[in-house]
Amino acid sequence: LEEEVERAGRLGLTFSVGMVDVDHFKECNDKHGHLVGDVVLKEIALRLKKSVREVDMISRYGGEEFCVVLPETPKDLAMMVSERLRNSISSKKIKAFDEEIKITTSVGVATYPEDGTDVATLIEKADMALYKAKRQGRNLVRSA
């Protein structure tokens, strides 16, 4: 992400960051166990990876949160991509051992340079948008 900030600044480009959080993941772990939770996270990561371009970057940000970096992607396009990501997870149950689990995610999007010009600000703005999605009912995409 630091490299993308530097590259975008140097070349006058834009890019977007999405923070993806699994809705009610603690309840999934409590109900089905941590082994099932691990399978759920792996399947979410796989679905995210299949839903973006080769140049896009996906990383686990912590716990049940993922960070998606979309180079050369303005906010309107990032919102469409984020909606596709959200839908790729919610549209089909995840099979984990003997369980089939319906999982949803909430996504917050921030864009360089309009929402921030450094990593900390972009992550903060994407996180704020993510929590707006959570407050407004979950399984939503919101922007900074």
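How much space lies in the largest pocket? The largest pocket holds about 150 Å³ of space. The model is a predicted one, in which local features need pLDDT of at least 70 and side-chain atom pairs count only at pLDDT 80 or more, while totals for chains, interfaces and linings use all residues. Residues are numbered from 1 along each chain as its sequence is written, and side-chain values use heavy atoms, with hydrogens and water left out.

**View 1. The largest pocket and its lining.** A pocket is found on a 1 Å grid over the protein atoms alone, as an open set of points where a 1.4 Å probe fits, with protein on both sides within 12 Å along at least five of seven lines, and lining residues have an atom within 4 Å of a point. Its volume is the space filled by probe spheres set on the points, which are joined across faces, edges and corners. The lining consists of D23, H24, E27, C28, H32, E99, E100, I101, K102, I103 and T104. Helix 2 (25–32) and strand 5 (99–101) each give at least two residues to this lining; helices (H or I, at least four residues) and strands (E, at least two) are DSSP runs numbered from the N terminus.

View 2. Strand 2 (residues 57–62) and strand 3 (residues 65–71) run antiparallel and are joined by 5 bridges, where two strands count as paired if DSSP finds at least two bridges between them. S59 has C67 of strand 3 as its bridge partner, and R60 stands opposite F66 in strand 3. The hairpin leaves 2 residues between the strands, and G63 in the turn has a positive phi of about 50 degrees.

**View 3. The crossing of helices 3 and 4.** The axes of helix 3 (residues 34–50) and helix 4 (residues 75–90), which are lines fitted to C-alpha atoms over the stretch in contact, come within 9 Å and cross at roughly 140 degrees, on a scale from 0 to 180 degrees between N-to-C directions. Helix 3 is therefore oblique to helix 4, a word for angles that are not under 35 degrees (roughly parallel), over 145 (roughly antiparallel) or 65 to 115 (roughly perpendicular).

**View 4. Two backbone details in loops.** Most residues other than glycine have a negative phi, and most peptide bonds are trans. E72, in the loop between strand 3 and helix 4, has a positive phi of about 50 degrees although it is not a glycine.
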